[in-house]
Amino acid sequence: MRALRFAVYGLIALWALASLYVFVWIRERYGRGGPIPVSQAGMLLHPLRGWLQPVRPVLDKFGLRPGATVLELGPGPGYFSVEAARIVGPEGRIVCLDLQPGMLQMLAGRLGEASVRNACPLAGDATRLPLAAASVDAAFLVTVLGEIPDRPQALAELRRVLKPGGVLSFSESLTDPDYVFQASLRDLCRAMGFRELSCSGERLGYTMTFAAA
Ligand SMILES: C[S@@+](CC[C@H](N)C(=O)[O-])C[C@H]1O[C@@H](n2cnc3c(N)ncnc32)[C@H](O)[C@@H]1O
């Protein structure tokens, strides 16, 4: 009986904490628009994220190949970057382009700790990519597109920098306040000349891949 009461109180406390966490997150984000503040970047590296969006299984859906040059748009503090760099290997390269220098600093620290040398943090805006046309084999965005106000322009830029047939991947999670619904993403990418390759569900989210025509 005592154990049951203890378990119930524990669950209530957990529920209250989780609600508070969600409330603070939403309140912080509400009305601001634009990118997640660097002060909240730690949430992107939270151990529980491994259950919702496990790094390797998500990256495996992006079709990254050894030797490829890959653009990771909006890497934040680099939750996916280290493993992506391992997948493309020493002959490949991950260009990690983010709007916020603070995120890039955290990312650089993480890459340094993991002794990753084939990933380069680069400051820039998704709507004006500082990359040459047809210069990347693949690009991916995880919970990034919803933070970009001019999404058609970002898609046009991604199309420009991808090689013909290059793969563009998105992964979205419902835990992100800027979640992009599957139907919106599909419509937008089709309108911008991408062809859908795959769509698969995850815990509270999905991954979609497209080919640049
Ligand atoms: C929610 S975080 C996701 C970070 C990482 N992809 C992950 O899943 O852990 C979104 C990231 O996109 C970046 N971002 C937002 N708008 C951007 C833009 N217009 N151009 C480049 N990066 C942008 C933010 O600075 C932030 O680091």
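Which strands does helix H4 lie across, and at what angle does H4 run to E2? I began with that. Helix H4 (residues 81-88) lies across strand E1 (69-73), E2, E3 and strand E4 (136-142), and H4 runs at about 155° to E2. I took contact as heavy atoms within 4.5 Å. Axes are lines fitted to C-alpha atoms, for helices over the stretch in contact, and angles run from 0 to 180 degrees between N-to-C directions. Helices (H or I, at least four residues) and strands (E, at least two) are DSSP runs, numbered from the N terminus.

Notes on the source. I am reading a predicted model, in which local features need pLDDT of at least 70, side-chain atom pairs count only at pLDDT 80 or more, and totals for chains, interfaces and linings use all residues. Residues are numbered from 1 along each chain as its sequence is written, and side-chain values use heavy atoms, with hydrogens and water left out.

I read the order of the 7 strands as E3-E2-E1-E4-E5-E7-E6, an open sheet with mixed pairing. Strand E3 (119-123) and strand E6 (194-202) each have a single partner strand, so one side of each is left without a neighbour in the sheet. The twist averages 20° from one strand to the next. Two strands pair if DSSP finds at least two bridges between them.

I looked up E2 (residues 93-98) and E3, which run parallel and are joined by 5 bridges. Isoleucine 94 has alanine 119 in E3 as its bridge partner. E6 and strand E7 (residues 205-212) are antiparallel, with 8 bridges. There, arginine 195 has alanine 211 in E7 as its bridge partner. The hairpin of E6 and E7 has 2 residues between the strands, and leucine 204 takes a positive phi near 60°.

Entry on the ligand. I found 21 residues around the ligand (a heavy atom within 4 Å); the closest are Arg49, Gly74, Asp98, Gln100 and Val142. For polar contacts I used N or O atoms within 3.5 Å. The side chain of glutamine 100 has an N or O atom 2.8 Å from an oxygen atom of the ligand. A backbone N or O atom of alanine 126 is 2.9 Å from a ligand nitrogen atom.

How values were computed:
A polar contact is a pair of N or O atoms within 3.5 Å; within protein, one must be able to donate a hydrogen and the other to accept it, and residues adjacent in sequence count only if both atoms are side-chain atoms.
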